Amino acid sequence: MDRKSLKIEKKINADATKLFRAWLNPNDFSRWFLSGDGIGIESVTIDPKPGGKFLINMSLDGKILPHEGEYITIDEPNKLVFTWRSEATENRDTIVTITFEELENSNSFDKKNTNKKSQTLVTLYQEELLNDIQIKMHHHGWTSILDSLNDWMDS
């Protein structure tokens, strides 16, 4: 069977270390990891080390949607690789790789135009998806998540 993948890029006004750590701190994570309208975070458990597992219980219309995986690579602040499994992957492991590239000479200003902020290119790859429907669903979810991370960094 032909395995499919997706790629999403987002420039975010924050330094790479701060963005990287937001993925591994359960208190911060639950504030911004929002994959779409009406979807909330019920609970987050993270064991941030290679071989460590995570469980994200999302909620939608009173139903709990578990998303789980295992960390493969934690290379702060450059790269995070983990498995990702949920109902939307037919409970099969997929591989997610997120890279954080701090952009040279791309300082932006905060909302008040008073303080310069670093800018980082966040690139998310998801591999081992089974079909175009999974790609479409995950593209929407990850895009919403990166938009929420950007909004959280700006707040």
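1. The largest nonpolar core comprises 36 residues, and Trp-23, Phe-33, Phe-82 and Trp-142 have the most contacts inside it. Such a core is a set of buried Ala, Val, Leu, Ile, Met, Phe, Trp, Tyr and Cys residues joined through side-chain atoms within 4.5 Å; buried means under 20% relative accessible area (1.4 Å probe, protein chains only). Helix α3 (residues 132–154) supplies the largest share of this core, six residues.

2. This is a predicted model, in which local features need pLDDT of at least 70 and side-chain atom pairs count only at pLDDT 80 or more, while totals for chains, interfaces and linings use all residues. Residues are numbered from 1 along each chain as its sequence is written, and side-chain values use heavy atoms, with hydrogens and water left out.

3. The whole structure contains 16 aromatic pairs, that is, rings of Phe, Tyr and Trp (its six-membered ring) with centres within 6.5 Å; planes under 30 degrees apart count as stacked, over 60 as edge-to-face and the rest as tilted. Phe-33 and Trp-142 have ring centres 6.0 Å apart and planes at 80°, so their pair is edge-to-face. Because Phe-33 lies in the loop between α2 (26–32) and β2 (40–46) and Trp-142 in helix α3, the pair ties together parts 109 residues apart in sequence. Both Phe-33 and Trp-142 are buried.

4. Phe-54 and Tyr-71 form a tilted pair, 5.3 Å centre to centre with 50° between the planes. Phe-54 counts as buried at 6% relative accessibility, as does Tyr-71 at 4%.

Key. Buried means under 20% relative accessible area, exposed over 50%, partly exposed in between (1.4 Å probe, protein chains only). Helices (H or I, at least four residues) and strands (E, at least two) are DSSP runs, numbered from the N terminus.
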